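This report describes one protein model. Look at the sequence and the structure first, then read on.

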Amino acid sequence: MGLIAARDVSMTFGGFGRPETHALKGVSLALPDEPSIVAVVGQSGSGKTTLMRILLGLQEPTAGTVLYRGAPPGADPARFRREVQAVFQDPFGVFNPFYRVDRALVLPLMRFGLAGSKGEAMDLASRGLEAVGLRPAETLGRFPHQLSGGQRQRIMIARALLLKPQVLVADEPVSMVDASLRATILESLWKLKTERGISIVYVTHDLTTAYQIADRIVVMVGGEIVESGAPEAVIHSPSHPYTKALVGAVPPPDPSVDWGLEDETDEVAA
Ligand SMILES: Nc1ncnc2c1ncn2[C@@H]1O[C@H](COP(=O)(O)OP(=O)(O)OP(=O)(O)O)[C@@H](O)[C@H]1O
Ligand SMILES: [Mg+2]
């Protein structure tokens with residue numbers, strides 16, 4: 001059955017006199033019941049965000065269905081909204097510019113009954129911010145525009161985690177942070193899976209980080225899934241020309257990371 005699944009989803013934008021964009025053409029993607037990380041890799045415009053928005057129930061597909069634990073998200077919308085959380089590519093649009101950051105964290109904690117009082121919610125919010133490397137005292141009282149993109153991204157991650165989801169859809173969650181922070185955040189995503197049993201859809205342009213943390217890599221080109229498999233299989237024997245080009249563009253291995261490629265690097269890069 002799968003935890004969350006998109007079945008044969010298509011999405012066409014435009015029409016009615018405007019040019020049509022076929023953003024998704026019959027895409028199926030399912031997360032297994034057991035905790036796992038699926039990386040969705042693809043170039044700009046390949047349909048990744050559109051697929052995530054449809055998975056999250058934010059966008060109605062032109063065709064196809066989404067199932068969460070075998071039922072449409074609308075079957076139990078409150079449960080779906082709590083158990084399936086998102087971190088977006090552009091976190092600015094998610095925050096209400098007129099409210100301070102603390103409200104974005106405290107309100108959902110109260111609404112979902114995860115904190116009994118505002119004080120308790122503030123306490124949890126502070127701990128959540130610390131977990132993603134932010135100083136609560138410097139973050140909570142601020143308005144969204146007073147923070148950097150990377151800080152906003154981390155607040156989104158803290159918010160998602162505070163709600164103790166079953167599924168986290170993370171669309172380019174580390175695109176706005178520097179390399180060392182990226183490693184820290186990716187490690188925390190990995191821990192969410194291994195320690196808390198949370199399943200993650202990790203959207204990225206970056207095959208390197210996908211290889212590092214994913215159990216499965218799905219490659220999208222032009223609104224279609226062109227390749228899907230274990231990271232080793234995708235890296236060692238890519239079948240689609242786009243994946244081959246991506247593998248060729250992966251930087252030389254960092255000696256601290258076990259790539260498992262060894263002497264085959266030349267062959268893979270060819
Ligand atoms: N609301 C919309 N109206 C019209 N076209 C759209 C809309 N949303 C997305 N598209 C188009 O659908 C295609 C897929 O866009 P999408 O945002 O899903 O790509 P993406 O893989 O997330 O790209 P990126 O890596 O740049 O984030 C693009 O051609 C885009 O222009
Ligand atoms: Mg996108």
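## Confidence

pLDDT is the predictor's confidence in each residue, from 0 to 100. The model is predicted: local features need pLDDT of at least 70, side-chain atom pairs count only at pLDDT 80 or more, and totals for chains, interfaces and linings use all residues. Residues are numbered from 1 along each chain as its sequence is written, and side-chain values use heavy atoms, with hydrogens and water left out.

The average pLDDT of the protein is 87, and 90% of the residues score at least 70. Strand E4 (residues 63–68) has the highest confidence, at 97, and helix H11 (residues 265–269) the lowest, at a mean of 42. Over residues 259–270 pLDDT stays under 50, and the model has 15 contacts beyond four places in sequence for them; a contact means heavy atoms within 4.5 Å. Where pLDDT is low, the predicted coordinates should not be read in detail.

## Overall make-up

The protein has 11 helices and nine strands. These are DSSP runs numbered from the N terminus: helices (H or I) of at least four residues, strands (E) of at least two. Of its 270 residues, 46% are buried, that is, under 20% relative accessible area (1.4 Å probe, protein chains only).

## The core

A nonpolar core is a set of buried Ala, Val, Leu, Ile, Met, Phe, Trp, Tyr and Cys residues joined through side-chain atoms within 4.5 Å. The largest one has 78 residues, and Leu168 and Ile217 touch the most other members. Helix H6 (residues 149–162) gives the most to this core, seven residues.

Beyond four places in sequence, the contacts of Ile217 include Ala39, Val41, Tyr211 and Val234.

Conventions: Chains lettered and ligands numbered in written order. Buried < 20%, exposed > 50% of the residue type's maximum accessible area, 1.4 Å probe, protein only.
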